[in-house]
Amino acid sequence: MAEQEKEAALPPKENFSEWYNDLLQVAEIMDVRYPVKGSYVWYPFGFSIRRNVYGIIRELLDKDHQETMFPLLIPENEFMKEAEHIKGFEDEVYWVLNGGTTPLDVKLALRPTSETAIYPMYRLWVRSHADLPLKLYQIVNTFRYETKHTRPLIRLREITSFKEAHTVHATWDDAAAQVDEAIRIYSEFYRRLAVPVLPSKRPNWDKFPGADYTIAVDALMSDGKTLQVGTAHHLGDNFAKTFDIKYEDAAGEQVYAHQTCYGVSERCIAALISIHGDDKGLIMPPEVAPVQAVIIPILFKKPEAVLAACNDVKETLEAAGVRVTIDDSDKRPGSKYYKWEMKGVPLRIEIGPKDLEKEAAMLVRRDTGEKEQVPLSSIANEVIERFAVIQFSLLENAKENLKARIFDCNTIEEIKEKVSEGIAHVPWCGEEKCGLELDEEVGAGILGIPTDQDEEGNYKCPMCGKDTSIRVYVAKTY
Ligand SMILES: Nc1ncnc2c1ncn2[C@@H]1O[C@H](COS(=O)(=O)NC(=O)[C@@H](N)CS)[C@@H](O)[C@H]1O
Ligand SMILES: [Zn+2]
């Protein structure tokens, strides 16, 4: 990859939009110059982050799901079967009309999501309650003709990393338990990325087309807007009735199955970049960092001895499973620091003649800048311990920041003021009319009813004044 000729200056993070766009390029995560709107190119460095991040979601799902892959193209007759689903996607679906110069007799949809590709096959696969629960997932590209402003990793027309799980159950309750399990898996997935998320039940007007209800997890981005970073849908037996997915129960009756589906996309990477980065660039949680430690030789004296020590340290760390590199390029140390800080490498290891005299190395944390000299003899333990400390610190800081930016509000004025900084926690009577009017009034929408809705208090809906015991999150969103 062509090295950055000059050290491209990154705007300060408070200019979040410019900071985010420039960082994707300068840190070599995504190249946004591809000539199709809403389609972007992974640089190898960015793709390595994706591989590590999706390795975690696979680890969590593979405990009791199976990974598979369904076709990209969906025949129109299948796609058009589920009325609500079509209504939800008719403006977003791409169609293939020709094969070469031959018009197709059946139009083919590029999957915007795969219910209508998968469920005709589930109809063939599900026969008896012994086949249930069926829990499959795939990680594929999907296509949505987004008309809102497209943004790399956040709002794509080609979603390159769409992890969609589709499960089949004997009863509505079993499917409801699976939706809760999906949100638990997502909360654990995001904890591993040191990204705190808020699970909430979406209001009816914002649920997935064809679902009974939707529970989503939202992350608070550093500009105070929230990003929906995962969703789980209870599909009831709506799709089972449409696609005739039935099983024979213990009494020999044919029963329609109940289903769920749940998905995340590369927004998970947008969230970790946005939440952990700073003015110097990325800060990678160690578990997903393509390079976890970079060794910088300080070569003004005894260069051979220093380089030999650096290679020993690299071998020792590699043997301990650390992703480590030595930057022995002929750049001056300062520009090396700049490059690897930009790429968010969690730990820098400086080794020079003075360190050698003490048989030590200087460890520098990317997240805090803290420097500490450690003995070469225990470098692997010292490095691995610090990864755990960095992970804990990134998550705790992010949790504190989130907590500090959720504001209890009771009046429209308070809500208006607070949604420009973060999330308003607002009483709501539950009426759609009030919910939509609130959105109009304050320019921010109801995210949903927190799943950990603790107290049943008595509040007044800020729109209609009616007594209510529930409060919802309201925020400006991506
Ligand atoms: N245009 C987009 N670009 C990037 N990510 C997106 C886009 N649209 C949706 N997503 C992400 O994909 C997740 C799942 O999409 S969804 O429409 O909510 N749900 C489904 O498609 C269901 N079939 C579950 S997989 C969303 O929570 C959101 O995080
Ligand atoms: Zn109301």
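Colleague: Which residues does Ile 29 touch, not counting residues up to four places away in sequence?
Modeller: Contact means heavy atoms within 4.5 Å. Here Ile 29 touches Leu 24, Val 41, Trp 42, Tyr 43, Phe 45, Gly 46, Ile 49, Ile 273 and Leu 282, with residues up to four places away in sequence left out. Keep in mind that this is a predicted model, where local features need pLDDT of at least 70 and side-chain atom pairs count only at pLDDT 80 or more, while totals for chains, interfaces and linings use all residues. Residues are numbered from 1 along each chain as its sequence is written, chains are lettered from A and ligands numbered from 1 in the order written, and side-chain values use heavy atoms, without hydrogens and water.

Colleague: How many residues are in the largest nonpolar core?
Modeller: A nonpolar core is a set of buried Ala, Val, Leu, Ile, Met, Phe, Trp, Tyr and Cys residues joined through side-chain atoms within 4.5 Å. Buried means under 20% relative accessible area, exposed over 50%, and partly exposed in between, using a 1.4 Å probe and protein chains only. The largest core has 63 residues, and Ile 29, Val 53, Tyr 190, Leu 193 and Ile 273 have the most contacts inside it. Apart from it lies another core of 26 residues, including Ile 295 and Leu 394.

Colleague: What packs against the buried residues of α1?
Modeller: Helices (H or I, at least four residues) and strands (E, at least two) are DSSP runs, numbered from the N terminus. In α1, residues 16-26, the buried ones are Phe 16, Trp 19, Tyr 20, Leu 23, Leu 24 and Val 26. They pack against β1 (30-31), α8 (267-276) and α10 (333-342). After α1 comes Glu 28, with a positive phi near 60 degrees.

Colleague: Is Leu 235 buried or exposed?
Modeller: Leu 235, in strand β11, counts as buried because its relative accessibility is 0%.

Colleague: Which residues coordinate the zinc ion (ligand 2)?
Modeller: For a metal, donors are N, O and S atoms within 2.8 Å (3.2 Å for Na, K and Ca); water is not among the atoms, so sites may look incomplete. The SG atoms of Cys 429, Cys 434, Cys 461 and Cys 464 coordinate the zinc ion (ligand 2) at 2.3 to 2.4 Å. Cys 429 and Cys 461, 32 residues apart, link distant parts of the chain.

Colleague: Why is the arrangement around the zinc ion (ligand 2) called tetrahedral?
Modeller: Four donors count as tetrahedral if all angles lie between 85 and 135 degrees. The ideal angle for four tetrahedral donors is 109.5 degrees. Around the zinc ion (ligand 2) the 4 donor atoms subtend 103 to 116 degrees, so the arrangement is tetrahedral.

Colleague: And α14: which of its residues are buried?
Modeller: An α-helix has 3.6 residues a turn, so residues three or four places apart point the same way. In α14, Cys 434, Gly 435, Leu 438 and Val 442 are buried. They cover an arc of only 100 degrees around the axis, which puts them on the same side of α14; the arc is that of the directions from the helix axis to the C-beta atoms. Lys 433 and Glu 440, on the other side of α14, are exposed.

Conventions. Tetrahedral: all angles 85-135°; square planar, octahedral: opposite > 155°, others 65-115°.
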